[in-house]
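User: I should like to learn how to read the local features of a protein model, one at a time. Could you take me through them with the structure at hand?

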Amino acid sequence: MPHSQPEEPLSPAIRWIERAIVGCIFLIALFAPHSIAATQSAWLLGLVLWVLRFAFYPRPILFRAPVDYVLLGFFILSGVSGVFSYNPVMSIGKMRAASLFTIVYLISQNVRSLRLAKLLTYCLIGSCMINVFLTAGQLVIGKGVKVEGVRPDSPLAQAVFNTRTVHHPTPIINGDTVWQVDGHRVDSPEELASELAAGKPFAKVTIYRVEWMPTLDVPRGKLLAGNTALEQLGIANWSRGRDWRATGFYNHWVTYAEVIQLIASLTLGLFLGLTHKTTLTGLLLLLAVTGLLFALAMTVTRASWAGFALSAFLMVLLSASRRTLVVIGACAIPLILGAVILLQQKRSIGFVDRNDQSTSWRETVWREGAQLLVSKPRHLLVGVGMDSIKGHWREWGLFDNGRLPVGHMHSNLLQIALERGVPALIVWLMLLGVYARMLWKVVRSKAEEFPRSFALGALGGLVGFFASGLVHYNWGDSEVVTVFYLIMGLSLVIRRLTVAPNRPS
């Protein structure tokens, strides 16, 4: 059966449903770099409309893809691990996040032309530039109130860090930047003093400290005597904060860095694949790459930097001449030196630093996770269950018995094996391998400029995603996986319309 819609005329109802589905896909591309809530709303609405479409005749044709079996197999094995989990309710609840893979099919089954795929691609890149401009604006203007000279009797020095497991004094100190009070943004000492003057006994104050963004309890009604806000707050000076790590519209810099890495790789692939790079399209793509690299740099996330560097090296190797390689290699030297300086300024660490707490933290959780994985055959086969670690870490003595922040294993390979079992990890690796092989075929094909360029960018992003995932659990970030699946869905469309246009469904 050929990959084309039946020739019967479609009713107005069907046409409106299909337009609405495409509209939802555009909303996914528009909001994916910014808001997981808006993106998932568009995804769920698109799925409902797609299911509704099957109630009308002629029914849509379903197209097969190389990733079908491994993608569905990984989802099934994730469900099996949930059934046998130490905490089935929590693990099965995570299946909603696991079901994000349906984004691949929502896109690949409903995008029917290269023109539409191209529009969605540029929509994704253009939308991401909004948070790039946001990051640049925040750097120029500054953010929050960075305090200096905090006195011992200052109400800020009486802050307490409260969680379910921790309750101890955590004073706001010199160099901390106060961002919010009870969810309200503060941009001056006067606003901060006003928020702390009266009201509930404690204010929820969100601060930025290097490597940490806690929300602290600060007592209200404890302002000091004085005629100025600085005197009332008990601080000597203040400035706008500019030493934070960029997060875009997300809540964490690693999430933002991983999303930027995928989109920057795609954009660079599109630029490298252009036959004529001096056109308006080439100029806009080059400007986009520059902006995305700036935003990625401002996240100060080493693994994502290394992932993009590996991605760019692969793409340049596949598309550029030897002379271009030499020029790019020479340009890379000042970028590497700049990255080292930026790391020292923003995080006071080197690129490879054994004294870095995040490095020692990873070494600890990797050792603990590996020991838990091999401790029982059950763990090797079906894992402990998604998110069970959060409920059983005390029992297993993880995170240095609670002395480290409770979270995850900081590695896709270890986290997937531990939560879902080694068979699930093998299928996940097969998924990435099949996807990479598919992209490679499109890159090496005789397809038109856009399909090959897109596949090149997607392949580079996949390599960077896998590389950074060796030391990050980026597969656990729904925001990152949504962008990953969005690009995979468009890749399937491009493959179907170029490399295998006549393959039966």
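Predicted model: local features only at pLDDT ≥ 70, side-chain atom pairs only at ≥ 80, totals over all residues.

User: How many residues does H7 (residues 114-141) have, and what distance does it reach from its first C-alpha to its last?

Analyst: The way to read a helix length is to compare its end-to-end distance with the span expected at 1.5 Å a residue. H7 has 28 residues and reaches 41 Å, close to the expected 40 Å. Helix H20 (residues 449-468) can be read in the same manner: the end C-alpha atoms of H20 are 29 Å apart, which agrees with the 28 Å that its 20 residues should span.

User: Which residues are in contact with Ser-453, leaving aside its neighbours within four places in sequence?

Analyst: Ser-453 is in contact with Gly-269, Leu-270, Gly-273 and Leu-274 once those neighbours are set aside.

User: I should now like to turn to aromatic pairs. What describes a pair of aromatic rings?

Analyst: Two quantities describe such a pair: the distance of the centres and the angle of the planes. In this model the count comes to 16 aromatic pairs. For Phe-74 and Trp-475, the ring centres are 6.0 Å apart and the planes stand at 80°, so this pair is edge-to-face. The pair links distant parts of the chain, 401 residues apart: Phe-74 is in helix H3 (residues 68-83), and Trp-475 is in the loop between H20 and helix H21 (478-498).

User: Is Phe-74 buried or exposed, and is Trp-475 buried or exposed?

Analyst: Phe-74 is buried, with a relative accessible area of 5%. Trp-475 is likewise buried, at 7%. A further edge-to-face pair is formed by Tyr-208 and Trp-253, at 6.2 Å centre to centre and 85° between the planes. This pair also joins distant parts of the chain, with Tyr-208 in strand S6 (residues 202-208) and Trp-253 in helix H10 (residues 253-272), 45 residues apart. Tyr-208 counts as buried at 1% relative accessibility, and Trp-253 counts as buried at 4%.

User: Which residues form one aromatic cluster?

Analyst: Phe-74 and Trp-475 belong to one aromatic cluster together with Trp-428, Tyr-435, Phe-465, Phe-484 and Tyr-485.

User: What is a disulfide, and how many disulfides are counted?

Analyst: A disulfide is a covalent bond between the sulfur atoms of two cysteines. The count here comes to zero disulfides.

User: Let us return to the backbone. Which residues does a cis peptide bond join?

Analyst: The bond joins Tyr-57 and Pro-58, with omega about 0°. Pro-58 lies in the loop between helix H2 (36-53) and H3.

User: Which residue other than glycine has a positive phi near 50°, and where is its place?

Analyst: That residue is Asp-182, in the loop between strand S4 (177-181) and strand S5 (184-185). Asp-182 is partly exposed, with a relative accessible area of 33%. Phe-399 has a positive phi of about 55° although it is not a glycine. Phe-399 lies in helix H17 (residues 398-402) and is buried, with a relative accessible area of 0%.

User: As a last exercise, what does Gln-415 touch, not counting residues up to four places away in sequence?

Analyst: Gln-415 touches Ile-389, His-408, Met-409 and Tyr-473. Gln-415 is found in helix H18 (residues 412-420) and counts as buried at 2% relative accessibility.

Technical notes. Residues numbered from 1 in each chain as written. Heavy atoms only, no water. Helix = DSSP H or I, 4+ residues; strand = E, 2+ residues; numbered from the N terminus. Contact = heavy atoms within 4.5 Å. Phe/Tyr/Trp six-rings, centres within 6.5 Å; stacked < 30°, edge-to-face > 60°. Buried < 20%, exposed > 50% of the residue type's maximum accessible area, 1.4 Å probe, protein only. Disulfide = S-S within 2.5 Å.
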